[in-house]
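Dear colleague,

Please find the structure below, handed over for your use. My notes on what was found in it follow directly after.

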Amino acid sequence: MKDKRYGRKIYLEDKPRSQALQELLDAFTFERVIEKVPTPEALGRITAAPIYARLSQPHYHASAMDGISVIAEETYGAHEQNPVQLSISNGQFIYVDTGNPIPSPFDAVIMIENVHVVDEDTIEIIEPATPWQHIRPIGEDVVTGEMLLPQGHKLRPVDLGALLGGGVFEVPVTKKPIVSIIPTGNEIVSPSIDVKPGEIIETNGTVFAGYVTDWGGAPVKEEIVKDNPDLIRQVLLTAAEKSDIVIINAGSSAGSKDYTVHIIAEIGQVLSHGVATRPGKPVVLGKIHNTVVIGLPGYPVSAYLAMEWFVRPLICEYLGVAEPEREKLTVKLGRRVISNMGSEDFVRMNIGYVNGQYIANPLTRAAGVTMSMVRADGLLLVPAESLGLEQGEMVELDLYKPLKVINKSILFSGSHDLTIDIISSQIRSQDINRQIISSHTGSMAGLMAIRKGEAHIAGIHLLDPDSGEYNLPFIKKYINDQKLVLLRFLKREQGWIVAKGNPDHVHSVNDLIEKNLNFVNRQKGAGTRILFDHLLKKANLSSESVKGYQREMFSHLSVAAEVKQQEKSVGLGIYSAAKAMDLDFIPIADESYDLLMTASFYESEGGKLLETVLRSKEFKNTVEQLGGYKVIQDFQPYYI
Ligand SMILES: Nc1nc2c(c(=O)[nH]1)N[C@H]1C(S)=C(S)[C@@H](COP(=O)(O)OP(=O)(O)OC[C@H]3O[C@@H](n4cnc5c(N)ncnc54)[C@H](O)[C@@H]3O)O[C@H]1N2
Ligand code: MOO
């Protein structure tokens, strides 16, 4: 229940992000604490002071080669016609191996390959040695007192070696800032497969802890706290006492149980509430005593971005290191990106290299879709003063993935099919740097993406009602200025997706209307939508008579998921989706699901790899095991 002491605060500020960060940094003076850690355990830590060698390296004159050590002067004059003989018993040489000390008065080493052994005591050489040849003198690597590393340096494996060699067995490093992470919310539960409607698995805390570790901090994950102001206050106070930074998650916005900001104001100070960004607006920045307190939005994507904007700079400031910067890439926008005036918009993007240029398309902007962060190749920032960016504009992105991977990505657009995931994983098992990036846009949009050069391949299943033929009539109608290839590799069953046992006895489109069932529709331009409209037309029915026609799903699996959870509902889709959700399936027709691509992609390395996968036994077996599919492996690439 809502706590009466804390009314709704609806109005959040729209403070510029840079100002909010500056004010946050200005509000604290970080006293860096120095601790000494054994050198072998110091990987990744930040040096807190310049570090000087305590030993020279090498700390004695050492042989650099296997051979003999000699007095150079005694070898002068050695020549093929005038070999010089040296004897052990006369103290003229000793045998040495690489790394052995060179005792006085020896001052040169001759490699064993250049030594002719005459007998046990005597050798012969035909070339003189120069003084100090093949000897590593004291301090060749490091001289006592020399600075090995500056302060603020992140220790790498090679650094640890140099430190140990230089006699530094303990390193002064900056103590990791302790970052306490407090997830809150009555609906938040520990991970469990039996979550009930309304329960949300706690995921943000683990992500935050991962980021903190990556950035050099020490995360401390607290238990989930219920939406109870007294509990929240108590946990905040305790955490502030023992931490450098406290992150409290969710309850930062305008909901009736969003207490965070009030409690921070009560026991500390609120510096900012609300920044001019989308997503990520409802951030709280504040302090309790001298501890930073950051209230992050509950929506995962908003929270992850805000972590990078506010927590990373704090950790870097504390450790005394520069903030890492992401690689940048200039790309052409494949689609228009609209944006709010007055706030920075952050858009997760996919990037592909198509027809000689980088094309980037926005992923979903919903702040709850964590997979968009998993899949994103880059992040676009639309500045606060911009209303948006047009298709075709060149923009600079921050890269989330290596360019090497992006260069090889195969951009897929079009109708969703489960085989695309299988193709993707089989391609990847042959080339670890190659990924398929798929946007499930529907068959028509896939066709258009090929036309506009925004995708490498499109998955399409478009029935031409007049000819009864799939795909070709559409391709010929919409694209006539490109050399294309169609791979006709798959037949699949389309049918009604219904509850187990088909309780409403669905067999035709008429049943939907007569029995007043909810239809779970697909988006415009999806092949399945076209098929459904065709069925309606054939039965002389109008779309208005179909309950649910307006609501659109973007994939077969989402249709099946909706049928599963909504009573008296029916979808149209493929067998494998019904099977995946443990639903029943009433077949209607076999359809062709083809891959369309430009001839140049087909003939490229990526296209060849794709074809190899499509023709592999493993692919056929995996797909046909799903049920409802027939994989055609002896297809001829069809040039259009
Ligand atoms: N009337 C308004 N409503 C909302 C606004 C607004 O300005 N006016 N802002 C929206 C935006 S934008 C965001 S972001 C969210 C942020 O809200 P809160 O920080 O108060 O977070 P909650 O509402 O509690 O949670 C949102 C969402 O995130 C889930 N969540 C929370 N904690 C976790 C966790 N530890 N792990 C995984 N998921 C978590 C939570 O269950 C909710 O689904 O407010 C909008 N509303
Ligand atoms: O601003 Mo919220 O942070 O978009 O999701």
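One open sheet consists of 3 strands in the order β5-β9-β8, and its pairing is antiparallel. At its edges lie β5 (84-87) and β8 (116-117), each of which pairs on one side only. Between β8 and strand β9 (residues 122-125), which run antiparallel, there are 2 bridges. V117 has I123 in β9 as its bridge partner.

Please note that this is a predicted model. The average pLDDT of the protein chain is 94, and 98% of the residues score at least 70. For the complex, the predictor gives an ipTM of 0.94 together with a pTM of 0.85.

As to the overall division of the protein chain, the domain assignment lists five entries, as follows.

- Domain 1 covers 17-30 + 177-319.
- Domain 2 covers 34-57 + 140-174.
- Domain 3 covers 62-136.
- Domain 4 covers 328-408.
- Domain 5 covers 440-639.

The distance between the C-alpha centres of domain 2 and domain 4 is 41 Å.

Strand β13 (residues 178-183) and strand β17 (residues 245-249) run parallel and are joined by 5 bridges. Within this pair, P183 stands opposite N249 in β17.

I turn next to the ligands. Which residues come nearest to ligand 1? Of the 26 residues around it, these are N204, A250, S253, P297 and G298. Two helices, α3 (204-215) and α6 (300-319), each supply at least two residues of this shell. By class, the shell around ligand 1 comprises 11 nonpolar, 11 polar and 4 charged residues.

Around ligand 2 stand R278, P279, G280, K281, P282, P297, Y299, S302 and A367. This shell divides into 5 nonpolar, 2 polar and 2 charged residues.

Most residues other than glycine have a negative phi, and most peptide bonds are trans.

- Q57 and P58 are joined by a cis peptide bond with an omega of about -5°; P58 has its place in the loop between β2 (51-52) and β3 (62-63).
- From S104 to P105 the peptide bond is likewise cis, with omega near 5°; P105 lies in the loop between β6 (93-96) and β7 (108-111).
- A250 is not a glycine, yet its phi is positive, at about 80°; A250 is found in the loop between β17 and α5 (260-267).

With kind regards

Technical notes:
Residues numbered from 1 in each chain as written. Chains lettered and ligands numbered in written order. Predicted model: local features only at pLDDT ≥ 70, side-chain atom pairs only at ≥ 80, totals over all residues. Domains from an automatic or database assignment. Near = placed C-beta within 6 Å. Helix = DSSP H or I, 4+ residues; strand = E, 2+ residues; numbered from the N terminus. Nonpolar A, V, L, I, M, F, W, Y, C, P; charged D, E, K, R; others polar. Pairing = 2+ DSSP bridges. pLDDT = per-residue confidence, 0-100.
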